[in-house]
Amino acid sequence: MAKIEGYEMPDELYYHTEHSWARVEDGNVRVGMTDFFQQQAGAVVYVDLPDEDDDVEAGEVCGKIQTRKWIGKLVAPVGGTIIEVNEEVNEDNTLINKDPYNEGWILLIEPSNLDEDLGNLIHGDKVEEWIKSEIKRAEELKAQGGGGE
């Protein structure tokens, strides 16, 4: 697992620019929010998740995650059919903060166009450059008095 300026970013994951992650598991894709998101957003207090059997497009907003600071959007990193929603996250929203890459996963998607969708996500050597640019952007927003704080 790579740790980039205090943010854990597992090497095997694919990342959407809106800070959702994708992990391929037996042909399906598990989805959650990144450590960067949960650290920047703060304590999650409410999640609005889609239903199982809903179809989503890659890049589509399919849920909302509310923290004490702001309401963030859950963006599907890949398109397909939602085959499972993590009900434990509904019952204990803080799982997203406590364990964003394991217990705090959010959706399981049966992908419809996996190879193409994964090709549009951030992965491998590109992750460090991307997360550093996100850190810089967050610092600039804070300096301007924005950034949801």
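**Exercise 1: an aromatic pair**

At 5% relative accessibility, F36 counts as buried, where buried means under 20% relative accessible area, exposed over 50% and partly exposed in between, with a 1.4 Å probe and protein chains only. The model is predicted: local features require pLDDT of at least 70 and side-chain atom pairs pLDDT 80 or more, while totals for chains, interfaces and linings use all residues. Residues are numbered from 1 along each chain as its sequence is written, and side-chain values use heavy atoms, without hydrogens and water.

Task: classify the ring geometry of Y7 and F36.

Step 1. Rings of Phe, Tyr and Trp (its six-membered ring) pair if their centres lie within 6.5 Å; planes under 30 degrees apart count as stacked, over 60 as edge-to-face and the rest as tilted.

Step 2. The centres of Y7 and F36 are 4.9 Å apart with 55° between the planes, and the pair is tilted.

Step 3. Y7, at 9% relative accessibility, is also buried.

**Exercise 2: a second pair**

Task: determine how the rings of W21 and Y101 are arranged.

Step 1. Their centres are 5.8 Å apart and their planes meet at 45°, so this pair is tilted.

Step 2. Both W21 and Y101 are buried.

**Exercise 3: the surroundings of I106**

Task: state which residues I106 contacts beyond its neighbours within four places in sequence.

Step 1. I106 has a relative accessible area of 0% and is therefore buried.

Step 2. With contact meaning heavy atoms within 4.5 Å, the partners of I106 include V31, L49, I65 and I96.

Step 3. V31 and I106 are 75 residues apart in sequence, yet their C-alpha atoms are 5.7 Å apart.
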